[in-house]
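Please have the structure open while you read.

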Amino acid sequence: MKKTLLVSLLITQIIFSQKRPKLVVGIVVDQMRMEYLYRFQNDFSNDGFKRIMNNGFTFHNAHYNYMPTYTAPGHASIYTGTTPSVHGIVSNEWYSRTNEKERYCTDDEAVTTLGDGTKQEGAMSPKNLLATTITDELRMATNFQGKVIGISIKDRGAILPAGHFANWAFWYSKTGNFISSSFYGDKLPEWVTSFNAKKKYLDYINQGWNLYKPLETYNESDPDDSPYEGKLYGVDKPVFPYDLKSMYQKNDAGVLRNTPFGNSLLADFAKEAIEKENLGKDEVTDFLAISFSSTDYVGHVLGARSMELQDTYLRLDDTLADLLKYLDEKVGKNNYLLFLTADHACAENSMFLKNKKYNVTNIDYKEVSKSLKKFSTDTFGEDFVNNYSSFNVFLNKKKIKEKGLVYQDVEQAFKNYLMTREHVQRVYNEDEILHACNNDFYLNMIANGYDVTQNGELVLLDKPGYMQYMATGTSHGSPYAYDTHAPLLFYGWNIPKGESHTKKYITQIAPTLAQKINITFPNGTKCEVLDELFKK
């Protein structure tokens with residue numbers, strides 16, 4: 001007994017004396033609510049989510065601290081440790097006030113596609129990201145010897161976490177292949193080309209999508225044919241089983257994104273990356289950033305209470321269990337540090353809430369845009385609205401001046417009109433946002449997501465429960481808890497067991513990692529860390 005205790009103490013001492021783990025694995029589950037870990041817990045195995053929670057550290061009350069809560073800002077904020085007002089990724093795509101045109105978060109016309117994908121799919125890079133990432137700082141701290149690789153079904157889920165100095169970022173093409181861009185190299189690594197040649201996506205498509213577990217397992221979800229569910233690729237009814245082969249034949253390999261098998265294929269690719277890139281094989285720390293995107297696609301179309309979503313998470317649980325087992329074998333149980341979070345959560349379907357007698361509804365953002373233009377024309381005789389998107393109103397100051405009108409009067413008229421809309425809680429102008437005070441919690445959230453060179457002259461805040469989306473499925477973007485509350489789990493190397501219910505912010509992940517592995521903070525972060533992870 002004494003010998004066993006002594007050996008255990010020595011092992012613990014060695015683990016805690018290591019300056020860095022061999023591998024850091026960052027996992028982002030797109031559109032995951034913390035609540036899913038509670039609702040589906042009885043149906044999870046002991047080897048996936050539960051293993052991480054039971055043997056690592058769980059932050060039950062972690063939130064995003066800005067608006068809008070979308071995918072690109074979420075990934076950028078996790079890895080930079082700061083908000084869109086600093087890192088510049090203010091949405092997935094947005095109308096740039098300075099350039100007066102639409103831009104996509106990772107667009108880069110200077111680069112080209114690597115691999116079998118369309119020209120547009122691969123013309124991507126992190127050039128629009130203004131701050132450094134924790135992965136950038138790791139590359140510099142190891143004199144560029146530590147490898148950094150980002151992978152995802154979505155381009156933005158791979159590129160933004162991988163940062164500016166990554167060895168590679170890979171994302172999924174509608175051709176069924178993982179592709180990259182010339183930003184990272186001249187041609188795809190041979191192992192990626194070989195992986196693509198196996199066409200593993202067809203194995204998943206050909207098997208179709210049926211319930212993973214017995215029907216009675218899904219008692220935490222709505223009935224299979226629910227009025228709040230959208231229809232995948234035009235099926236007659238949103239019910240199991242789904243004939244993915246037929247969908248594929250009528251469309252392309254992109255159909256895999258909208259099924260749990262997009263996550264499965266990504267995990268297959270992750271294991272191949274670990275093996276072929278020798279991640280975690282030496283004493284120089286590597287970083288693998290994984291973003292599981294299919295949860296977001298399924299959630300948007302079918303909603304937070306669909307059987308399809310529950311099935312996606314039950315399958316993801318087993319996918320995680322398999323990945324953890326693989327990491328144990330290839331890297332070593334005590335040699336990797338893993339964290340798991342989400343880029344945002346999501347709202348309840350507004351029509352679902354309305355039918356339960358909550359006085360809310362869904363709002364068509366296109367209708368909001370049309371109404372703003374009509375108001376402008378009816379009031380001023382001209383359309384002064386350049387764009388409405390991501391809750392931002394972009395006004396044409398040049399036209400207003402040419403019309404001989406006082407800009408402040410026009411702006412106030414738009415604010416007054418918006419406040420007559422049923423769904424609008426508040427409307428803020430640029431001056432109010434830039435001079436936000438602590439007395440207005442939601443204004444501060446908007447200020448944290450606001451870049452004066454890119455955002456609009458006005459930003460509106462919807463009332464709680466309203467959703468600017470279609471009547472089925474779900475969406476996100478607001479500063480309310482249902483969109484900001486994300487899981488935050490740490491596991492592995494030098495991570496104590498425990499849990500916390502104190503409110504934390506997702507922007508604390510990157511600086512915490514910097515302190516844990518003794519490297520420089522990302523350059524835009526406030527350097528606020530999760531103290532609980534430093535208690536031995």
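1. Let me begin with one side chain: is Phe59 buried or exposed? Phe59 counts as buried, because its relative accessibility is 0%. Here buried means under 20% relative accessible area, exposed means over 50%, and partly exposed is in between, with a 1.4 Å probe and protein chains only.

2. A word on the ground rules. This is a predicted model, in which local features need pLDDT of at least 70 and side-chain atom pairs count only at pLDDT 80 or more, while totals for chains, interfaces and linings use all residues. Residues are numbered from 1 along each chain as its sequence is written, and side-chain values use heavy atoms, with hydrogens and water left out.

3. Now to the aromatic rings. The whole structure holds 38 aromatic pairs, where rings of Phe, Tyr and Trp (its six-membered ring) pair if their centres lie within 6.5 Å; planes under 30 degrees apart count as stacked, over 60 as edge-to-face and the rest as tilted. Phe59 and Phe490 are edge-to-face because their planes stand at 85°, with the ring centres 6.2 Å apart. This pair links distant parts of the chain, as Phe59 belongs to strand 2 (residues 57-63) and Phe490 to strand 17 (residues 485-492), 431 residues apart. Helices (H or I, at least four residues) and strands (E, at least two) are DSSP runs, numbered from the N terminus. Phe490 counts as buried at 1% relative accessibility.

4. Phe380 and Phe414 have 6.2 Å centre to centre and 25° between the planes. Phe380 is in helix 16 (residues 365-380) and Phe414 in helix 18 (residues 407-418), 34 residues apart, and the pair links distant parts of the chain. Phe380 is buried with a relative accessible area of 16%, and Phe414 is buried at 0%.

5. One cluster takes in Trp168, Phe170, Tyr172, Phe178, Phe183, Tyr184, Trp191, Phe195 and Phe269.

6. Two lysines sit over rings. A charge sits over a ring if NZ of Lys or CZ of Arg is within 6 Å of the ring centre and within 35 degrees of the ring normal. Lys154 lies over the face of Tyr297, 5.2 Å from the ring centre. The charged end of Lys516 is placed over the ring of Phe534, at 5.2 Å from its centre.

7. Next, the charged pairs. Side chains of opposite charge can pair when their charged atoms come close. The count comes to 24 salt bridges, each a side-chain nitrogen of Lys or Arg within 4 Å of a carboxyl oxygen of Asp or Glu. Arg97 pairs with Glu457, with the closest N and O atoms 3.6 Å apart. Arg97 is in the loop between strand 3 (93-96) and strand 4 (101-104), and Glu457 is in the loop between helix 20 (441-448) and strand 15 (458-462), 360 residues apart. Both Arg97 and Glu457 are buried.

8. What about Arg257? Its side chain meets that of Glu121 in a salt bridge (3.9 Å, N to O). The pair ties together parts 136 residues apart in sequence, because Arg257 lies in the loop between helix 11 (244-250) and helix 12 (261-276) and Glu121 in helix 6 (residues 119-122). Arg257 is buried at 18% relative accessible area, and Glu121 counts as buried at 14%.

9. Lys374 and Asp378 make a salt bridge as well, with the closest N and O atoms 2.7 Å apart. Both lie in helix 16, four residues apart, about one turn of the helix. Lys374 is exposed, with a relative accessible area of 52%, and Asp378 is exposed at 54%. Elsewhere, salt bridges that share partners join Arg33, Glu35, Arg39, Arg305 and Glu348 into one network.

10. Finally, please look at helix 8 (residues 155-162). Eight of its eight residues are buried, so helix 8 is largely enclosed by the rest of the structure. The cover over its buried residues includes helix 4 (71-80), helix 7 (134-141) and strand 9 (286-292), where contact means heavy atoms within 4.5 Å.
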